[in-house]
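Trainee: I have just opened this entry and would like a guided tour. Could we go through it together, one topic at a time?
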Amino acid sequence: MRETDALYQEMGISQQVLAFGAQVEAELKERFDAIEENVEYNQMKVLHAMQKNRVEAACFAATSGYGYNDLGRDKLEAVYADVFHTEAALVRPQIACGTHALAVALSGNLRPGDELLSPVGKPYDTLEEVIGIRPSIGSLAEYGVSYRQVDLLEDGSFDYPAIEKALNERTRLVTIQRSKGYQTRPTLSVKRIGELIAFIKERKPHVICMVDNCYGEFVEPIEPTDVGADLCVGSLIKNPGGGLAPIGGYIAGKEAYVERAAYRLTSPGLGREVGASLGVMTSFYQGLFLAPTVVGGALKGAVFAANLYENLGFPVVPNGSESRHDIIQAVTFGNPEGVIAFCKGIQAAAPVDSYVTPEPWAMPGYDSDVIMAAGAFVQGSSIELSADGPIKPPYAVYFQGGLTWQHAKFGILMSMQKLYEAGLVKL
Ligand SMILES: *Cc1c(COP(=O)(O)O)cnc(C)c1O
């Protein structure tokens with residue numbers, strides 16, 4: 001027996017589960033090679049941007065107070081702009097999370113009387129209150145910005161005639177969510193996003209096309225800004241933070257639109273000139289540098305899980321052979337016990353809080369109990385291995401991340417182990 005296998009067994013993975021996992025993994029060489037090729041390209045893209053902007057030791061110094069002339073902050077924004085091939089970027093620890101980044105980009109660029117359009121169906125849950133789909137204090141709706149939505153067609157394709165009809169003289173900004181998030185629609189490839197933007201720009205050249213890029217960064221060699229997006233927005237405790245960023249978000253895009261977002265984030269007149277970096281710059285730079293590799297590990301984990309659970313007979317989205325456009329993997333168990341066992345396995349495999357047993361609870365904002373597994377170095381970080389499952393039909397779990405492929409693999413094996421011990425999978 002391999003020494004590694006002996007250690008796996010000591011850590012609770014049975015021989016049957018190990019053997020099943022090994023069989024699945026043996027079939028994935030081609031997929032993994034393709035992932036590695038994409039990692040290599042994105043690693044060079046990031047490195048190139050860092051060299052071009054002459055990143056230097058002085059960039060890592062902490063600034064305080066107003067943060068005037070913060071070299072590290074300003075260069076990092078130039079690096080992000082080069083990675084995304086945009087005119088400008090806003091990358092700040094003052095951006096609290098992905099929702100905040102999206103709210104800043106939206107409210108900075110929309111004015112009373114404008115209309116916001118989502119041509120890809122309902123946006124991520126937390127945006128409902130930002131937009132005012134669910135009434136909330138300070139929503140865009142309260143400021144007189146109206147909202148229109150066109151759902152995807154049954155087969156996941158764009159409803160072009162309805163989108164054409166929805167575009168009107170008040171449409172100012174179109175928001176396109178790349179990732180399926182916690183829905184069942186397919187995630188959009190960058191290519192498909194490009195086709196949608198081209199369609200919109202042909203009819204309304206001056207409309208701002210914004211992409212919610214959460215969970216999508218570095219999954220492909222190109223980003224939405226390479227196919228016409230005017231703004232691209234995401235969270236640093238997901239892909240581009242590489243697991244090291246302790247907080248933050250980014251907005252990359254056209255200079256004028258990034259500037260408007262900055263005027264909203266800080267203040268009119270101050271914009272990007274203020275905002276101290278407080279000593280987080282090393283983790284922002286180093287996290288971005290590692291992000292392509294980390295995303296590659298998370299992708300391998302997602303592909304491994306899809307194939308493993310597909311072989312065990314469970315429906316998985318995406319399926320075992322589909323191309324990937326984000327790092328999220330859904331597995332449908334069809335019963336609460338499966339969801340709970342899966343999450344217990346992910347938790348038991350964590351480097352932090354592995355001894356904790358997750359339980360379903362009534363989380364605010366959800367209409368059913370939810371179970372969550374996360375043993376993360378950074379609270380709530382979902383580039384780290386994490387899972388959540390609403391306790392309601394079809395009893396699916398959504399999981400993502402893993403700072404290394406090896407950890408993602410162990411987590412998935414442990415999830416299967418818990419299902420095996422509960423008698424929910426037969427070998
Ligand atoms: C995570 C996510 C958000 C919100 O990010 P938070 O950091 O949780 O606020 C928005 N959109 C999508 C698609 C996401 O995955």
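Trainee: Where does Q417 lie?

Mentor: Q417 belongs to helix α12, which covers residues 405–421. Please keep in mind that this is a predicted model.

Trainee: Is Q417 buried or exposed?

Mentor: Q417 counts as buried, because its relative accessibility is 4% and the cut-off for that class is under 20%.

Trainee: Which residues does Q417 touch, leaving out those up to four places away in sequence?

Mentor: On that count, Q417 touches G12, I13, S14 and V17.

Trainee: Let us move to the ligand. Which residues surround the ligand?

Mentor: The ligand is surrounded by C97, G98, T99, L102, Y124, Q177, D212, C214, Y215, S235 and K238. By class, that shell has five nonpolar, four polar and two charged residues.

Trainee: Which helix gives the largest share of the shell?

Mentor: Helix α5, residues 98–109, provides the largest share, with three residues.

Trainee: What does the side chain of D212 do at the ligand?

Mentor: An N or O atom in the D212 side chain is 2.6 Å from a nitrogen atom of the ligand.

Trainee: And what about K238 and G98?

Mentor: In K238, a side-chain N or O atom is 2.9 Å from an oxygen atom of the ligand. For G98, a backbone N or O atom lies 2.8 Å from an oxygen atom of the ligand.

Trainee: How much of the ligand does the protein bury?

Mentor: Taken alone, the ligand exposes 380 Å², and the protein buries 89% of that.

Trainee: C214 was in that shell. How many disulfides does the structure hold?

Mentor: The structure holds zero disulfides. C232, for example, is in no disulfide, and the nearest cysteine sulfur, that of C214, is 9.6 Å away. A disulfide would need the two sulfur atoms within 2.5 Å.

Trainee: Is C232 buried or exposed?

Mentor: C232 is buried, with a relative accessible area of 0%. C343 also counts as buried, at 0% relative accessibility.

Trainee: Next, K180. Where does K180 lie, and is K180 buried or exposed?

Mentor: K180 lies in the loop between β4 (171–177) and α8 (190–203). K180 is buried, because its relative accessible area is 2%.

Trainee: What does the side chain of K180 reach?

Mentor: The K180 side chain reaches the backbone oxygen of I328 at 3.5 Å. Leaving aside neighbours within four places in sequence, K180 is in contact with R185, P186, T187, V317, P318, D326 and I328.

Trainee: You mentioned V317 and P318. What kind of peptide bond joins V317 and P318?

Mentor: V317 and P318 are joined by a cis peptide bond, with omega about -10°. P318 sits in the loop between β8 (316–317) and β9 (329–332).

Trainee: What about the peptide bond from P393 to P394?

Mentor: The bond from P393 to P394 is cis, with omega near 10°. P394 is found in the loop between β11 (386–390) and β12 (396–400).

Trainee: Since α10 has come up, where does N307 lie?

Mentor: N307 lies in helix α10, residues 281–311. N307 is buried, with a relative accessible area of 15%.

Trainee: Which residues does N307 touch, not counting those up to four places away in sequence?

Mentor: Those are V24, L28 and G320. N307 and L28 are 279 residues apart in sequence, while their C-alpha atoms are 8.7 Å apart in space.

Trainee: Finally, what does the side chain of N307 reach?

Mentor: The N307 side chain reaches the backbone oxygen of V303, at 2.8 Å.

Conventions. Residues are numbered from 1 along each chain as its sequence is written. This is a predicted model: local features need pLDDT of at least 70, side-chain atom pairs count only at pLDDT 80 or more; totals for chains, interfaces and linings use all residues. Side-chain values use heavy atoms; hydrogens and water are left out. Buried means under 20% relative accessible area, exposed over 50%, partly exposed in between (1.4 Å probe, protein chains only). Helices (H or I, at least four residues) and strands (E, at least two) are DSSP runs, numbered from the N terminus. Contact means heavy atoms within 4.5 Å. A polar contact is a pair of N or O atoms within 3.5 Å; within protein, one must be able to donate a hydrogen and the other to accept it, and residues adjacent in sequence count only if both atoms are side-chain atoms. A residue is near a molecule or strand if one of its heavy atoms lies within 4 Å of it. Accessible areas come from the Shrake-Rupley method with a 1.4 Å probe; for residues, only the protein chains shown count as cover. Ala, Val, Leu, Ile, Met, Phe, Trp, Tyr, Cys and Pro count as nonpolar, Asp, Glu, Lys and Arg as charged, and the others, Gly among them, as polar.
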